[in-house]
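This report goes through strand pairing, one backbone feature and the aromatic contacts of the structure shown below.

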Amino acid sequence: MPKPLFTKLVAVAAIGFLCLLGGGVYGLSSGDRMLLTLSVLIGLCSLVRFLLLFRTIRSKSYDVLSGICKKKEPSLFRKNQQITFQADDGKEFCFTFEKSIRLLEGHRYNLYFRRNSSGPEGYKDAPPDLLGFEEIVEYSSQS
């Protein structure tokens, strides 16, 4: 299981569990039914999201795109950025990602996309469903 996908899986599980635990304990102790109901709903939604992501990872229904980030252009008044990515086979892809995704120009990455989405090959109309990314650090052997 790739590290970025495992990290995302753990984060979804932790958020759901902590919301359920914290909201449930406080809702029961203060008698607040609304908080208790919302905490249970958030916990159930996180469980469903966890199971769907786990199924995606377990069945390996994701695509991996390896290559180098060539260019990164942030939009001025939007929450998006344009990233030009060159795959190892020489193809270039232009993606629109949120600004919170920090890819550095000239660095090598593995990008993980959900296979059911419009993925790297079919990226025309809708943005791809990025599951995660990891930087590939190449070690040089010194003799």
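## Strand pairing

β1 is joined to β2 by a hairpin of five residues. Strands here, like helices, are DSSP runs numbered from the N terminus (helices are H or I, at least four residues; strands are E, at least two). Two strands count as paired if DSSP finds at least two bridges between them. Strand β2 covers residues 80-87 and pairs with β1 in the antiparallel sense over seven bridges. Within this pairing, glutamate 73 is placed opposite glutamine 82 of β2.

β1 also pairs with β4, again antiparallel and over seven bridges. Tyrosine 62 has arginine 114 in β4 as its bridge partner.

## Basis of the model

The model is predicted: local features need pLDDT of at least 70, side-chain atom pairs count only at pLDDT 80 or more, and totals for chains, interfaces and linings use all residues. Residues are numbered from 1 along each chain as its sequence is written, and side-chain values use heavy atoms, with hydrogens and water left out.

Lysine 60 sits in the loop between α2 (33-58) and β1 (62-74). Its phi is positive, at about 55°, although lysine 60 is not a glycine. With a relative accessible area of 56%, lysine 60 is exposed. The classes are buried for under 20% relative accessible area, exposed for over 50% and partly exposed in between (1.4 Å probe, protein chains only).

## Aromatic contacts

Rings of Phe, Tyr and Trp (its six-membered ring) pair if their centres lie within 6.5 Å; planes under 30 degrees apart are stacked, over 60 edge-to-face, and the rest tilted. The count by this rule is six aromatic pairs. One of them is the stacked pair of phenylalanine 95 and phenylalanine 97, at 5.4 Å centre to centre with 15° between the planes. Phenylalanine 95 counts as buried because its relative accessibility is 0%, and phenylalanine 97 is likewise buried, at 4%.

Tyrosine 109 and phenylalanine 133 make an edge-to-face pair, with 6.1 Å between centres and 75° between planes. Tyrosine 109 belongs to strand β4 (residues 108-114) and phenylalanine 133 to strand β5 (residues 130-135), so this pair ties together parts that are 24 residues apart in sequence. Tyrosine 109 is buried at 2% relative accessibility, whereas phenylalanine 133 is partly exposed, with a relative accessible area of 29%.

Phe93, Phe95, Phe97 and Phe113 make up one aromatic cluster.
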